[in-house]
Amino acid sequence: MNTGSVATQAQVTQAWEPVLQQCGEQALDLGEQILAVAHQIAANPLRGPLTDPGRSPEAKTALARRLFAEHVDGRVVELLGALVRGRWSKPTDLSHAMHDLGIQAILAGARAANRLDEVEQEVFSVYNLLVDNRDLRLALEPSKRTSQDSRVSLAHKVLGPSLSSSAMSLVTWCVRHETEGGVPRNLRRVAELAAALQNRTIADVTSAIPLSPEQEARLERILEERLGTDVELNLIVDPDVVGGVRVRVRDLIIDSTVHSSLGGLRTQLAG
């Protein structure tokens with residue numbers, strides 16, 4: 001996003017946070033409504049009229065009310081009104097902001113119910129499932145042979161029985177939202193947002209053989225000192241990795257052999 005979009009989203013998000021705190025567990029429902037509205041805006045030619053700089057803020061707010069006031073909670077309508085009154089560098093930035101706000105609302109509802117960690121683990125388990133299961137991953141990806149609704153229906157059928165309502169809502173968004181990297185990337189993004197709300201960072205750790213419990217504990221301590229947050233290790237065994245451990249934190253890969261970037265991590269892991 002460019003400066004205008006970033007400033008608008010930051011301002012609206014700051015004003016929205018107290019609303020979420022007051023909602024408690026009901027934030028889940030608001031989050032689902034926000035994502036549904038975002039989907040409707042993206043699926044229909046609405047982003048342009050709702051972000052058109054040639055329209056007055058009042059006209060855009062009136063349009064948003066006319067379209068959605070009878071269908072969603074008044075708080076969601078007020079949120080949308082605040083969004084369309086702002087300045088957007090690109091029409092698509094409005095949808096991206098709504099996606100972020102919807103996901104954050106669902107996670108806020110889970111946190112209010114003391115289930116945020118559980119929801120994070122559920123979403124991450126689906127991510128790992130798709131990484132390992134190529135057939136299911138491809139079945140959930142956008143394709144000319146399947147509709148979006150059919151892919152969402154498949155996700156509910158296969159994954160729904162084992163997921164909470166909060167996690168299933170997030171997984172539904174991950175399947176519905178088309179982006180580079182597909183469903184796994186969306187799932188990973190949601191899991192990382194959930195972890196961040198708990199002051200925790202997910203680190204992928206790939207090694208040729210499983211790490212011992214002692215090595216895991218040492219690695220956690222080392223990464224926590226470097227990152228300044230709690231760390232959750234996602235352990236991956238790959239025989240092709242030679243010479244140590246590869247650590248990936250978000251988009252940062254910390255040296256395939258680790259010894260240079262983390263100051264002799266291999267020695268530290270050995271005790």
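**Note on helix packing and selected residues in a predicted model**

1. The axes of helix H1 (residues 3–23) and helix H5 (residues 74–85) cross at roughly 165° and come within 10 Å. Axes here are lines fitted to C-alpha atoms, for helices over the stretch in contact, and angles run from 0 to 180 degrees between N-to-C directions. Helices (H or I, at least four residues) and strands (E, at least two) are DSSP runs, numbered from the N terminus. H1 and H5 are therefore roughly antiparallel to each other; angles under 35 degrees count as roughly parallel, over 145 as roughly antiparallel, 65 to 115 as roughly perpendicular and the rest as oblique.

2. The model is predicted, local features need pLDDT of at least 70, side-chain atom pairs count only at pLDDT 80 or more, and totals for chains, interfaces and linings use all residues. Residues are numbered from 1 along each chain as its sequence is written, and side-chain values use heavy atoms, with hydrogens and water left out.

3. The crossing of H1 and H5 is right-handed. A crossing is left-handed if the near helix is turned anticlockwise from the far one by less than a right angle, and right-handed if clockwise. On the H1 side, Thr8, Val12, Trp16, Val19 and Cys23 meet Arg75, Leu79, Ala82 and Leu83 of H5, where contact means heavy atoms within 4.5 Å. This contact of H1 with H5 has seven nonpolar, one polar and one charged residues. Ala, Val, Leu, Ile, Met, Phe, Trp, Tyr, Cys and Pro count as nonpolar, Asp, Glu, Lys and Arg as charged, and the others, Gly among them, as polar.

4. Arg75, a residue of helix H5, is partly exposed, with a relative accessible area of 28%. The classes are buried (under 20% relative accessible area), exposed (over 50%) and partly exposed (in between), with a 1.4 Å probe and protein chains only. Neighbours within four places in sequence aside, Arg75 is in contact with Trp16, Val19, Cys23, Gln26 and Leu30.

5. Helix H2 (residues 27–43) packs against H6 at an angle of about 160°, and their axes are 7 Å apart. H2 and H6 are therefore roughly antiparallel to each other, and the crossing of H2 with H6 is left-handed. Residues of H2 in this contact include Leu28, Gly31, Leu35 and Ile41, and those of H6 include Met98, Leu101, Ile103 and Ile106. By class, the contact of H2 with H6 divides into 14 nonpolar, five polar and one charged residues.

6. Helix H7 (residues 116–132) and helix H11 (residues 182–197) have their axes 9 Å apart and pack at an angle of about 155°. That makes H7 roughly antiparallel to H11. Their crossing is left-handed. Among the residues that meet are Leu116, Glu120, Phe124 and Tyr127 in H7, and Val183, Leu187, Arg188 and Ala191 in H11. The contact of H7 with H11 has 14 nonpolar, no polar and two charged residues.

7. How many aromatic pairs does a search of the whole structure find? The search finds one. The rings of Phe124 and Tyr127 have their centres 5.3 Å apart and their planes at 40°, so the pair is tilted. Rings of Phe, Tyr and Trp (its six-membered ring) pair if their centres lie within 6.5 Å; planes under 30 degrees apart count as stacked, over 60 as edge-to-face and the rest as tilted. Phe124 and Tyr127 both lie in H7, three residues apart, about one turn of the helix, and both are buried.

8. Most residues other than glycine have a negative phi. Asn114 has a positive phi, near 60°, and lies in the loop between helix H6 (91–112) and H7; at 73% relative accessibility, Asn114 counts as exposed. Asn199 also has a positive phi, of about 55°. Its place is in the loop between H11 and strand S1 (200–207), and Asn199 is partly exposed, with a relative accessible area of 44%.

9. Is Glu232 buried or exposed? At 14% relative accessibility, Glu232 counts as buried. Glu232 lies in strand S2 (residues 230–237) and, not counting residues up to four places away in sequence, touches Glu120, Gln121, Arg200, Thr201, Ile202 and Ala203.

10. For the chain overall, there are 13 helices and four strands. Of the 271 residues, 44% are buried.
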